[in-house]
Amino acid sequence: MENKDLQLHQKPMMQMISEGTSRVEIARKYTSITPTTILNSNFPSLARLRKERSAEEVERAIAILLIDASRAFGEPIDKETALETAVEIHTRYYYLTLEDCYLVLSRMKSKPLYGKLSSNKFLTEFEAYGAERIQLADQMSYNNHLATSDAGTNRTGDTDSVKGIMRKIRSKR
């Protein structure tokens, strides 16, 4: 499925969670999501969701994702730990989307983790993903700049090159 198709056929994660959509249905809908898909889509950031809804509702949605992810490791984390971790994620990584959160936690499920699952392990995953996402956004922005700029060689053929301009100036002397 292409990025545009994914964006057009997806309900935002917040809407799905608010409507009580099953974990299985969410997994089906978001199985092919990637950081590039998220960056190319118009999913609302956690900060925007906080303005549109409330901080508590956003943190509750993140907590639901955390509890769901913790089930993959055996015993789910308790509600208080999930909400506490959700507040930290919400305040530190406000630029991420719930779709990013889902992706981080989905990736985490397939990693070998040793010891008890804790807030530290979740936050470590979010820190690594945040750095990866910023680097990817940087690269995408740079590639877009190169594709749309007239840097380097004369890409459009509409204007003279510097050498051509200098020849004209010298010939007029």
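Hi everyone. Let's start with a stretch of the surface: Glu75, Pro76, Ile77, Asp78, Thr81, Lys116, Leu117 and Ser118 line the second largest pocket. Please keep in mind that this is a predicted model. The volume of that second largest pocket is about 150 Å³, and its lining splits into 3 nonpolar, 2 polar and 3 charged residues.

So what volume does the largest pocket have? The value is about 230 Å³. There are 13 lining residues here, and Ser22, Arg23, Val24, Ile26 and Asp68 are the closest to the centre. Which helices each supply at least two residues of this lining? They are H3, covering 23-30, together with H6 and H8. The largest share comes from H3, with 4 residues. By class, you will find 7 nonpolar, 3 polar and 3 charged residues around the largest pocket.

Now for the inside. Searching the whole structure turns up 1 cavity of 30 Å³ or more, and about 30 Å³ of space lies in the largest cavity. Its lining is made of Leu65, Asp68, Tyr102, Leu105, Ser106 and Lys109. H6 and H8, the latter spanning 98-109, each bring at least two residues to that lining, and H8 gives the most, with 4 residues. In terms of class, the cavity lining has 3 nonpolar, 1 polar and 2 charged residues.

Next, let's look at how the helices pack. Take H6, residues 55-70, and H7, residues 79-92: their axes come within 8 Å and cross at roughly 120°. H6 and H7 are therefore oblique to each other. Their crossing is right-handed. On the H6 side, the contact includes Val58, Ile62 and Leu66, and on the H7 side it includes Ala82, Leu83 and Ile89. Sorted by class, the residues of this contact are 11 nonpolar, 2 polar and 3 charged.

The other pair to look at is H8 with H9, which runs over residues 119-148. These two pack at an angle of about 120°, with the axes 10 Å apart, and H8 passes H9 in a right-handed crossing. If you want to find the contact on screen, look for Asp100, Cys101, Leu103, Val104, Leu105, Arg107 and Met108 in H8, which meet Lys121, Phe122, Glu125, Phe126, Tyr129, Glu132 and Arg133 in H9. How many polar residues does the contact of H8 with H9 have? There are no polar ones, alongside 8 nonpolar and 6 charged residues.

Definitions and conventions
Residues numbered from 1 in each chain as written. Predicted model: local features only at pLDDT ≥ 70, side-chain atom pairs only at ≥ 80, totals over all residues. Heavy atoms only, no water. Axes fitted to C-alpha atoms, helices over the stretch in contact; angles between N-to-C directions. Parallel < 35°, antiparallel > 145°, perpendicular 65-115°, else oblique. Left-handed = near helix turned anticlockwise from the far one by under 90°. Contact = heavy atoms within 4.5 Å. Nonpolar A, V, L, I, M, F, W, Y, C, P; charged D, E, K, R; others polar. 1 Å grid on protein atoms, 1.4 Å probe; cavity = no way out; pocket = protein on both sides within 12 Å on 5 of 7 lines; lining within 4 Å. Points joined across faces, edges and corners; volume = space filled by probe spheres on them.
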